[in-house]
Amino acid sequence: MPASSGALRLSLLYAVVFTEIGIAMPFLPVWLATLDLDAGVIGLLLALPIATRIVATAPLMGLIDRGLGARRLIVAGSFGVAVTYGIMAPASSLGWPALAVLTVLNAVAAAPLVPSIDYLTLSAARRDARLTYSRIRMAGSIAFLAANLAGGALLAALGGKLAVPILLTGLALIACLTASLDRTPAEAPRRAAGGPSPRLPRRLWLCILAAASIQAGHAAVYGFGSIYWTAHGLSATEVGALWAIGVLAEIVLFALAPRLPASWRGPVPLLALGGAAGILRAAGLFLVGDRIETLVPLQMLHGLTFGATQLGAMEAVSSLAPEGARGRAQGTLSAVNAGIAVSATLISGLVYREAGPLAFLAMAPLSGLGVALAMAAARARIPARNGQP
């Protein structure tokens, strides 16, 4: 199969799944609010998927190492997401406990989707040097941005309380169909039947923890950036443009990454770059994060704080995960990301309540920790070819 065909199919998978995410993240809370639920209940329903992802992602991704194809996991997960979204609207009449159960089931089904596509993309890139993870993954970022920008208008055109769950159900079914029709070959996990699961090497663990720490440093701006900016006089249009600038910077990095010198594309340089940008961005948001002219360059740093960190994490998983544990490594990265992000979000909420913009600066130590862990990974012994540390 031509490289362009494989890249197109993987890009399409990213695009469909990230369109769904781009609708769900901003508009599912709005839909929950239309049900006249208490704010505390809405907070619980929004926190449940994160907690579920911490527990469910690594075991589900480990199924790939035991012979379950990544595409089958995407098909089954997308179908589960579609069913649970489809049931949510009628189940809402039964009260919030029914929604809570469906939310958990939805999160279990969704947990392996993005890690499984990452798994397939990294597998394809290892087989064919003409393919690059960053340019294929870029389709997801573009789709996410488009969903953010067009989602409001689309939902307004559909109208009614059913618009959000119906649209999400349809997108999940499209993802299910896209994955089921894709026939791009994938690596078969090479693990001896009945043999012990290979350990993840220390260097990979350090890279995973570094990436998760740096990504968790986004917690304050994700949770309270818009609130803080609007409180200082920025319009909704300006706030939306700031978020768009961040995603556009991420897209530009993904597009240009293959042109970087090879020495810059390793996990340690990328993670260190993402962490350093995270420190600068946290300090900038604290000091001058209330003016549009300074917020524009600070949001452009998102291309490094998220984009470089993501590329570094994927490079670490691809190059350091042992055969027979690549699925588990991918799932472990997602689970650790979610776990540290939950803690960082709770901390940023407490700090923002008491000290406002100090919450942004409070994220700098997480980015600093990420840099330190990346440097420790650089000094760690490279695992042998059999995958042992």
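Helices in this talk are DSSP runs of H or I with at least four residues, numbered from the N terminus. Good morning, colleagues. The model before you is a predicted one, in which local features need pLDDT of at least 70, side-chain atom pairs count only at pLDDT 80 or more, and totals for chains, interfaces and linings use all residues. Residues are numbered from 1 along each chain as its sequence is written, and side-chain values use heavy atoms, with hydrogens and water left out.

I begin with the interior. A nonpolar core here is a set of buried Ala, Val, Leu, Ile, Met, Phe, Trp, Tyr and Cys residues joined through side-chain atoms within 4.5 Å. Buried means under 20% relative accessible area, exposed means over 50%, and partly exposed lies in between, with a 1.4 Å probe and protein chains only. The largest nonpolar core has 92 residues, and Trp31 and Leu204 have the most contacts inside it. Helix α1, residues 3-33, gives the most to this core, with 14 residues. Apart from this core lies another, of 21 residues, including Tyr228, Leu234, Val239 and Ala359. Which residues does Leu204 touch, leaving aside those up to four places away in sequence? They are Ala316, Val317, Leu320, Ala321 and Ala329, where contact means heavy atoms within 4.5 Å.

I turn to the aromatic rings. Rings of Phe, Tyr and Trp (its six-membered ring) pair if their centres lie within 6.5 Å; planes under 30 degrees apart count as stacked, over 60 as edge-to-face and the rest as tilted. The structure holds 5 aromatic pairs. The rings of Tyr14 and Phe18 have centres 6.3 Å apart and planes at 40 degrees, so this pair is tilted. Tyr14 and Phe18 are 4 residues apart in helix α1, which separates them by about one helical turn. Both Tyr14 and Phe18 are buried.

Phe224 and Tyr352 form a stacked pair, with 4.8 Å from centre to centre and 15 degrees between the planes. Phe224 lies in helix α9 (residues 219-231) and Tyr352 in helix α14 (residues 326-355), so the pair ties together parts that are 128 residues apart in sequence. Phe224 is buried at a relative accessible area of 17%, and Tyr352 counts as buried at 17%. Ring pairs also link Tyr222, Trp229 and Trp243 into a cluster.

Next come the charged side chains. A salt bridge is a side-chain nitrogen of Lys or Arg within 4 Å of a carboxyl oxygen of Asp or Glu. How many salt bridges are there by this rule? The count comes to 5. One joins Asp128 and Arg130, at 2.8 Å from N to O; Asp128 is buried, with a relative accessible area of 16%, whereas Arg130 is exposed, at 63%. Another joins Arg326 and Glu323, whose closest N and O atoms are 3.1 Å apart. Arg326 is buried at 10%, while Glu323 is partly exposed at 27%. Salt bridges that share partners also join Asp290, Arg291 and Glu293 into one network.

I close with a contact across the sequence. Arg126, in helix α5 (residues 113-127), is partly exposed, with a relative accessible area of 29%. The C-alpha atoms of Arg126 and Ser319 are separated by 9.1 Å, although these residues are 193 apart along the chain. Thank you for your attention.

Key: Helix = DSSP H or I, 4+ residues; strand = E, 2+ residues; numbered from the N terminus.
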